[in-house]
Amino acid sequence: MKWDANKYTNNFSFVHKYGEEVLKLLEIKPNMRVLDLGCGNGELTKKISDLGVYAIGVDSSEELLSVAKEKHPTIAFMKQDATNLVLDEPVDAVFSNAVFHWIPETKQAQMLRHIFETIKVGGQFVFEFGGYRNNQLIHLALERSFRARNLKYRMPFYFPTIAQFATRLEEAGFEVREMSLFHRFTELKGEDGLSDWINMFIKMPFQGVDAELKKDIIFEAVEDLRSELYQDERWYADYVRIRGKAVR
């Protein structure tokens with residue numbers, strides 16, 4: 001998918017700011033090499049570099065990588081797909097924030113195998129992404145708006161339980177050290193925060209939908225959610241995250 005890199009950077013900075021907490025799971029060692037998988041605009045890659053390690057950023061979006069390279073010219077960034085990840089030499093750790101829910105369930109095993117091969121024996125794998133029932137209120141409201149127009153809403157994300165993802169990790173060869181699933185009610189920016197969020201992140205279900213019809217569907221869903229997600233004149237998203245650490 002194509003990203004509006006400037007809008008993403010300016011209006012959705014909470015994505016990488018929340019990711020700073022995930023960095024605390026990394027055990028930093030001298031001279032280690034860390035891959036930021038799905039680095040986006042490079043903000044967390046820079047945070048990793050600031051820890052005193054050699055950081056590498058990988059993403060599949062040319063739009064976001066162009067921002068990352070411009071803002072952080074001293075860091076190595078490259079374009080790759082997480083499901084076909086290949087590096088010249090393995091790294092000591094792979095870090096990933098807000099990425100794996102974008103990968104189709106049918107490609108999760110392939111992705112984890114590639115990540116496993118990218119990490120040195122004994123190396124770390126630290127991650128956070130959308131977990132079971134992530135943004136459930138939003139997706140249900142959109143589904144209702146689609147159904148009212150005799151359209152099918154296709155869930156575009158993979159939101160596993162802890163047990164489901166832990167099993168996939170173990171099948172790929174990892175030893176799971178810790179995992180948690182938690183709710184994080186997340187404030188969105190501006191009076192149009194929720195509709196902006198939907199327009200930025202929910203794209204696949206609207207493929208082939210007329211622009212005016214899309215606008216009507218989003219408006220109806222947003223109004224449907226106002227009583228639950230609009231509080232104190234601020235919009236929120238009902239995030240649920242999986243956070244964890246595994247070792248090769």
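**Entry 1**

I started with E128, which is buried, with a relative accessible area of 1%. The model is predicted, and I kept that in mind throughout. Buried means under 20% relative accessible area, so E128 at 1% qualifies. Next I asked which side chain E128 meets in a salt bridge. The partner is R184, at 3.1 Å from N to O. I then looked up where the two residues sit. E128 belongs to strand 5 (residues 119-130) and R184 to strand 6, so I noted a link between distant parts of the chain, 56 residues apart. R184 is buried as well, with a relative accessible area of 12%.

**Entry 2: two further salt bridges**

I moved on to R149 and E220. Their side chains form a salt bridge, 3.2 Å from N to O. This pair links distant parts of the chain, 71 residues apart. R149 lies in the loop between helix 6 (136-147) and helix 7 (162-172). E220 lies in helix 9 (residues 211-229).

Then I took E187 and R234. Their side chains meet in a salt bridge of 3.2 Å, N to O. E187 is in strand 6, and R234 is in strand 8 (residues 234-247). The two are 47 residues apart, and the pair links distant parts of the chain. For E187 I noted a relative accessible area of 41%, which means partly exposed. R234 has 38% and is also partly exposed.

**Entry 3: helix 3**

I turned to helix 3, residues 43-50. Which residues are buried there? I listed E43, L44, T45 and I48. An α-helix has 3.6 residues a turn, so residues three or four places apart point the same way.

I looked at E43 in more detail. E43 lies in helix 3 and has a relative accessible area of 17%. The cut-off for buried is under 20%, so E43 counts as buried. I then searched for a side chain in contact with E43. A polar contact of 2.7 Å joins the side chains of E43 and K71. Last, I checked what follows the helix. G52 comes after helix 3, and its phi is positive, near 95 degrees.

**Entry 4: pairs brought together in space**

I looked up S145 in helix 6. S145 is buried, with a relative accessible area of 2%. How many residues separate S145 and I218 in sequence? I found 73 residues in sequence and 7.9 Å in space, C-alpha to C-alpha.

F201 was next, in helix 8. At 8% relative accessibility, F201 counts as buried. F201 and P156 are 45 residues apart in sequence. In space, their C-alpha atoms are 9.7 Å apart.

**Entry 5: positive phi angles**

I had already noted a glycine with a positive phi, G52. I now looked up residues that are not glycine. Most residues other than glycine have a negative phi. N135 is not a glycine, yet its phi is positive, about 50 degrees. I found N135 in the loop between strand 5 and helix 6. N135 is buried, with a relative accessible area of 2%.

E233 also has a positive phi, about 65 degrees, although it is not a glycine. E233 lies in the loop between strand 7 (230-231) and strand 8. Is E233 buried or exposed? With a relative accessible area of 68%, E233 is exposed.

**Entry 6: a charged patch**

E233 came up again when I looked at surface charge. Which residues gather with E233 in a patch of negative charge on the surface? I noted E191, D192 and D232. D192 is in the loop between strand 6 (175-187) and helix 8 (193-201). The relative accessible area of D192 is 48%, so I recorded D192 as partly exposed.

Technical notes. Residues are numbered from 1 along each chain as its sequence is written. This is a predicted model: local features need pLDDT of at least 70, side-chain atom pairs count only at pLDDT 80 or more; totals for chains, interfaces and linings use all residues. Side-chain values use heavy atoms; hydrogens and water are left out. Patches are made of residues with over 30% relative accessible area and no salt bridge: like charges are joined within 9 Å, nonpolar side chains (Val, Leu, Ile, Met, Phe, Trp, Tyr) within 5 Å. Accessible areas come from the Shrake-Rupley method with a 1.4 Å probe; for residues, only the protein chains shown count as cover. A salt bridge is a side-chain nitrogen of Lys or Arg within 4 Å of a carboxyl oxygen of Asp or Glu. Lys and Arg count as positive and Asp and Glu as negative; His and the chain ends are not counted. The place of a charge is taken as NZ of Lys, CZ of Arg, CG of Asp or CD of Glu. Helices (H or I, at least four residues) and strands (E, at least two) are DSSP runs, numbered from the N terminus. Buried means under 20% relative accessible area, exposed over 50%, partly exposed in between (1.4 Å probe, protein chains only). A polar contact is a pair of N or O atoms within 3.5 Å; within protein, one must be able to donate a hydrogen and the other to accept it, and residues adjacent in sequence count only if both atoms are side-chain atoms.
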